[in-house]
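Work through the exercises below with the sequence and the 3D structure at hand. Try each task before reading its solution.

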Amino acid sequence: MEKRHAGHVILPVVQSSEPSLHQLLELAMAAAREAGALLLDYARTGFHVAHKSPINLVTDADHAAEQCVIDRIRSVYPSHGFLAEECGRIEHGPSPYRWIIDPLDGTTNFAHGYPTYCVSIGLEHRGRCVLGVVYDPSRDELFTALNGTGARLNGNPIHVSREDSLEHSLLVTGFAYDIRETARNNLDHFGRFALNAQGVRRTGSAALDLCYVAAGRFDGFWEVRLNPWDMAAGTVLVREAGGRLTNFRGDDLSIYGQELVATNGLIHGAMLEVLREGETPTPA
């Protein structure tokens, strides 16, 4: 089944080696919207599904959306690097910029016609994530954040919630694709949070979960065994919306560290305490 990037516009190559972050944000927004339109086209007209593992799906829509984003960015900044879910790492030289892309976060949802999925584009500059764009095409919601300038939804500022009680909080989480093979599958944490919070949800899209924390729709999010493309864009949104991000030990977050706690900051300590429950102490 042949698909084309409808309305794709090749922009002129920018010669400057240090573009402004606002220029990069505009480019990421355009790429996310274009890839999102492509996903909607596939959702309407059909797609092919393959299996990476028994419950880990990939579709031709994933590949097409990823190539769409890469082509759009590369047409303007050919020296920039990429880390993308489907094609892996692409380097074109010593550029300090690396785009981290999940072209279809929520593939299982997409494959089943459940309209909770998104395009996620983060930008890492000299080891720090400085830009995040997440586009939900089903709801036409574009989440954007730029280092030091706040977070926005469709251009309007967003902020984390002010809920300070874990008992009254709505939390969200997810489960890795190897849930059947590993004991570290998050089911123990899920059970404890279900008994300590007002409610726990599972949307199937970590990028949207982070955006919803940034927008105050969820008060906290935790997950294990994440990949950089799951976190890169959304963590910028949470940070710029006034939230807090750490690993399960409370250390500063690394998007390469697999585990994540993202909250409004007010319930962060309480969530870390729940995560510590049941852990086996390290022998002295």
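What follows is a short note on the model and then a set of exercises, each with a worked solution.

The structure is a predicted model, in which local features need pLDDT of at least 70 and side-chain atom pairs count only at pLDDT 80 or more, while totals for chains, interfaces and linings use all residues. Residues are numbered from 1 along each chain as its sequence is written, and side-chain values use heavy atoms, with hydrogens and water left out.

**Exercise 1. The chain as a whole**

Task: State how many helices and strands the chain has, and what percentage of its residues count as buried.

Solution: Begin with the secondary structure, where helices (H or I, at least four residues) and strands (E, at least two) are DSSP runs numbered from the N terminus. On this basis the chain holds 7 helices and 15 strands. Next, take burial, for which buried means under 20% relative accessible area, exposed over 50%, and partly exposed in between, with a 1.4 Å probe and protein chains only. Of the chain's 284 residues, 52% are buried by this rule. Finally, turn to contacts, meaning heavy atoms within 4.5 Å. Among those between residues at least 6 apart in sequence, 65% join residues at least 24 apart.

**Exercise 2. Helix 1**

Task: Compare the span of helix 1 with the expected value, and find which elements its buried residues pack against.

Solution: The expected span of a helix is 1.5 Å times one less than its number of residues. Helix 1 covers residues 21-45, which is 25 residues, and it reaches 36 Å from its first C-alpha to its last, close to the expected 36 Å. Then look at the buried residues of helix 1, among them Leu24, Ala28, Glu34, Leu38 and Tyr42. The buried residues of this helix pack against helix 2 (60-74), helix 3 (107-111) and strands 5 (97-105), 6 (118-125), 7 (128-136) and 8 (141-146).

**Exercise 3. Helix 5 and helix 6**

Task: Determine how the axes of helix 5 and helix 6 are placed, and which residues meet between them.

Solution: Axes are lines fitted to C-alpha atoms, for helices over the stretch in contact, and angles run from 0 to 180 degrees between N-to-C directions. The axes of helix 5 (residues 206-214) and helix 6 (residues 228-240) come within 8 Å and cross at roughly 5°. Helix 5 is therefore roughly parallel to helix 6, since angles under 35 degrees count as roughly parallel, over 145 as roughly antiparallel, 65 to 115 as roughly perpendicular and the rest as oblique. On the side of helix 5, the residues in contact are Ala206, Ala207, Leu210, Cys211, Val213 and Ala214, and they meet Asp230, Met231, Gly234, Thr235, Leu237 and Val238 in helix 6. By class, this contact has 9 nonpolar, 2 polar and 1 charged residues, where Ala, Val, Leu, Ile, Met, Phe, Trp, Tyr, Cys and Pro count as nonpolar, Asp, Glu, Lys and Arg as charged, and the others, Gly among them, as polar. Moreover, 9 of the 9 residues of helix 5 are buried, so this helix is largely enclosed by the rest of the structure. Just after helix 5, Gly216 takes a positive phi of about 80°.

**Exercise 4. Ala241**

Task: Decide whether Ala241 is buried or exposed, and name the residues that it touches.

Solution: First locate Ala241, which lies in the loop between helix 6 and strand 14 (244-246). Ala241 counts as buried because its relative accessibility is 4%. Leaving aside residues up to four places away in sequence, Ala241 touches Ala151, Ile158, His159, Val160 and Ala214.
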